[in-house]
Amino acid sequence: MHPPLTLHKHPMCAEIIELFQQCHLDHPIGKFFGECTDLKIKLDRCFRQEKALKRKENFEQSKKLKERLHAFRKENAETSTE
């Protein structure tokens, strides 16, 4: 199963999505018998790469946020003890 195939949500995989959707249109019955399986595998790999990239970006953002929060707490602790 794959996520909804909207191009604006998956810009990295847009070309493969279009090919996959076209394959389903070109082979309405063959899609049930593996006609589009190669594209499906490529699509799954692309989604995994995209998700890994998003996960890395989110981790970097959370690290920055944690650092800012830690600095803010440290600053507040210093001003409240004075």
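**Disulfides, core and surface of the predicted model**

Cys36 counts as buried because its relative accessibility is 3%, where buried means under 20% relative accessible area, exposed over 50% and partly exposed in between (1.4 Å probe, protein chains only). The structure is a predicted model, in which local features need pLDDT of at least 70 and side-chain atom pairs count only at pLDDT 80 or more, while totals for chains, interfaces and linings use all residues. Residues are numbered from 1 along each chain as its sequence is written, and side-chain values use heavy atoms, with hydrogens and water left out.

Two disulfides were found in a search of the whole structure, a disulfide being a pair of cysteine sulfur atoms within 2.5 Å. Helices (H or I, at least four residues) and strands (E, at least two) are DSSP runs, numbered from the N terminus. The S-S torsion of Cys23 and Cys36 is about -95°, so this disulfide is left-handed. Cys23 also counts as buried, at 8% relative accessibility. Beyond its neighbours within four places in sequence, Cys23 is in contact (heavy atoms within 4.5 Å) with Glu35, Cys36 and Leu39.

The other disulfide is formed by Cys13 and Cys46, whose sulfur atoms are 2.0 Å apart. Here too, distant parts of the chain are linked: Cys13 belongs to the segment before H1 and Cys46 to helix H2, with 33 residues separating them. Both Cys13 and Cys46 are buried. A torsion of about -100° about the S-S bond of Cys13 and Cys46 makes this disulfide left-handed. When the bonded cysteines are numbered in sequence order, the pairing is 1-4, 2-3.

In soluble globular proteins, nonpolar side chains tend to be buried together. A nonpolar core is defined as a set of buried Ala, Val, Leu, Ile, Met, Phe, Trp, Tyr and Cys residues joined through side-chain atoms within 4.5 Å. The largest such core comprises ten residues, namely Leu5, Cys13, Ile17, Phe20, Cys23, Cys36, Leu39, Leu43, Cys46 and Phe47. Helix H1 (14-26) and H2 each supply at least two residues of this core, and H2 gives the largest share, four residues.

His10, in the segment before H1, is buried at 9% relative accessibility. With residues up to four places away in sequence set aside, His10 touches Pro3, Pro4, Ile17, Phe47 and Glu50.

Phe32 is located in the loop between H1 and H2 and is exposed, its relative accessible area being 63%.

A salt bridge requires a side-chain nitrogen of Lys or Arg within 4 Å of a carboxyl oxygen of Asp or Glu, and by this rule the count is one. The bridge joins Asp44 to Lys40, with 2.8 Å between the closest N and O atoms. Both residues lie in helix H2 (residues 37-81), four residues apart, about one turn of the helix. Asp44 is partly exposed, with a relative accessible area of 23%.
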